[in-house]
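These notebook entries record what I looked up in one structure. The sequence and the model come first, and my entries follow.

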Amino acid sequence: MPIKIPDNLPAAEILNSENIFVMSEERAFHQDIRPLKIVILNLMPTKITTETQILRLIGNSPLQLDIVFLHPKTHLSKNTPYEHLIKFYNTFDDIRDQKFDGMIITGAPVEQMAFEEVNYWNELKEIMTWSYTNVTSTLHICWGAQAGLYFHYGIPKYALGEKMFGIFSHTVNKLNVKLLRGFDDEFFVPHSRHTEIRREDIEKVPCLEILSESIDSGVYIVALKGGRQVFVTGHSEYDPLTLKAEYDRDISRGIDIKVPKNYFPSDDPSKYPMVRWRGHATLLFCNWLNYYVYQETPYNLEQV
Ligand SMILES: CC(=O)SCCNC(=O)CCNC(=O)[C@H](O)C(C)(C)COP(=O)(O)OP(=O)(O)OC[C@H]1O[C@@H](n2cnc3c(N)ncnc32)[C@H](O)[C@@H]1OP(=O)(O)O
Ligand SMILES: N[C@@H](CCO)C(=O)O
C-alpha cells in the first residue's frame, strides 16, 4: 500500500527515487475506494489446487477482492468434478457484459499442441479480445502467457529439447518499474514447461517490454507498456510440493524426466524441497494488484 505523507516532506523525493510508492496528500484525498472485481480464468485441470494457490497470493493484501471464477464452456474438464464447476464457476456468457478491475489467465498443460488444436482456443480468443477492453489489467501465467502473446502479438512458442523444470535464478532488466518494486537483485521462480518464448520475437513488438529474465530459463516477465497486460512464464504460485507431484507423476508413468533443478536439497528427491520463491511470488501478485489494478482502475468500472 502507498504511504501517505505531506507533499513537501523531504523523504518523499528520496523514496520516490528509490521506487517506493508515496502518495501525495492531494491524490489520497481524491481517491475513492471500493472492492476490486477480479476474474480468474482457470484453465488448469486441477482447478481446486490452482484456485487455492492464486487466492493465497492475492489474498495477502489489504484490498477487498470480489472473485469470479471462469472455466471454458467449450471444454469439459476430466480432472475437476463437474459439481465443483457448477457450484463455483461461471462461463464467459455469464460475465461478457461486465467490466473487471483485474483478470488472471492461468497456465494449462496444452503447450505441446498448436494453439489452434486446443479445443477451447476459439473461446479463449474471444475472452482475450474482450479482456483488452473490459479489464484494467490482465495477468497471464505460463501457457496463458504464451497464448496471450501469440494471440495479441503473433509471438510463437518453441519446443525445448528438455523440459525447463526446477527453480531458477532471475534478475530484473529495468529499474523503477512498479511491477518490480521491492524485488531482490536475484530472486527464484519455479518453471515447469516444455516450450519457451524468445527475446528476439518480443523485441520486434515495440509496445512490449521484457521486465525480467533468467540466464537459465530465459524470458520471465513481459508487459505491455502501461501495464494493461502482464505475461509471466513461470509458476511463482506453485506450492512447495507441486514440482515434486509433477516429478513423481512422470516417474510413475515411466517418463524419462530429470530431477527438478535447484529444488530438492542435494538434488535428492527423498528430501523435502527448499522453498525459495514464496517471497517473490507474494510481491509479484501484490505489486500487480496494487499498481496495475487498484491504482489504475477507474472508480466507475464502466469507464474501463
Ligand atoms: C505450461 C503450463 O502452463 S504448465 C501448467 C500445467 N500444469 C499442470 O496442469 C500440472 C498439473 N496437471 C497434471 O498433473 C496432469 O495434467 C493431470 C494429472 C491432471 C492429468 O494428466 P493426464 O491424465 O496425462 O491427461 P488428461 O487426458 O487428463 O488431460 C490433461 C489436461 O490437458 C488438457 N487438454 C488435453 N487435451 C486438450 C485439448 N485438446 N484441448 C484443451 N485441453 C486439453 C486439459 O486441461 C486436460 O485436463 P482437464 O480435462 O481436466 O481440463
Ligand atoms: N507443468 C506441466 C507442464 C506441462 O504443460 C506439468 O508438468 O504437468
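Which residues does I58 touch, not counting residues up to four places away in sequence? I found I38, L65, F285 and L289, where contact requires C-beta atoms, placed from the backbone, within 7 Å.

**Basis of the entries.** I am working with a predicted model, in which local features need pLDDT of at least 70 and side-chain atom pairs count only at pLDDT 80 or more, while totals for chains, interfaces and linings use all residues. Residues are numbered from 1 along each chain as its sequence is written, and chains are lettered from A and ligands numbered from 1 in the order in which they are written.

**I58.** I placed I58 in helix α3, residues 47-58; helices (H or I, at least four residues) and strands (E, at least two) are DSSP runs numbered from the N terminus. I noted I58 as buried because 23 other C-beta atoms lie within 10 Å. The scale is 20 or more such atoms for buried, 12 or fewer for exposed, and partly exposed in between, with C-beta atoms placed from the backbone. I also looked up T282, which is 224 residues from I58 along the chain, and the two C-alpha atoms are separated by 7.8 Å.

**Annotated positions.** I took the "active site" annotation from the unreviewed UniProt entry, and it covers C142, H235 and E237. These three span 96 residues in sequence, yet no two of their C-alpha atoms are more than 10.8 Å apart, so they gather at one spot. UniProt positions are given in the numbering used here with shortened feature names, and annotations may be inferred rather than shown by experiment.

I located C142 in the loop between β7 (135-141) and α7 (143-153). C142 is buried, with 26 other C-beta atoms within 10 Å. Apart from neighbours within four places in sequence, C142 contacts G107, R193, T233 and H235.

I found E237 in the loop between β12 (229-232) and α9. E237 is buried, with 26 C-beta neighbours inside 10 Å. Beyond residues up to four places away in sequence, E237 touches Q53, I54, L57 and A281.

**Ligands.** I counted a residue into a ligand's shell if its C-beta atom, placed from the backbone, lies within 6 Å. Ligand 1 has 23 residues around it, the closest being P45, N79, G107, C142 and W143. The elements that give two or more residues to this shell are β9 (187-196) and α9 (242-252). By class, I recorded nine nonpolar, eight polar and six charged residues around ligand 1. Ala, Val, Leu, Ile, Met, Phe, Trp, Tyr, Cys and Pro count as nonpolar, Asp, Glu, Lys and Arg as charged, and the others, Gly among them, as polar.

Around ligand 2 I listed P109, E111, S192, R193 and E246. This shell holds one nonpolar, one polar and three charged residues.

How do β10 and β11 pair, and over how many bridges? I found β10 (208-214) antiparallel to β11 over six bridges; pairing requires that DSSP finds at least two bridges between the strands. L208 has L224 of β11 as its bridge partner, and a hairpin of three residues joins β10 to β11. Strand β11 (218-224) is mostly covered, with five of its seven residues buried.

I then followed β11 to β12, where three bridges join the antiparallel strands. V222 stands opposite F231 in β12. The hairpin of β11 and β12 has four residues between the strands, and G226 there takes a positive phi near 100°.

Terms used: Two residues are in contact if their C-beta atoms, placed from the backbone, lie within 7 Å.
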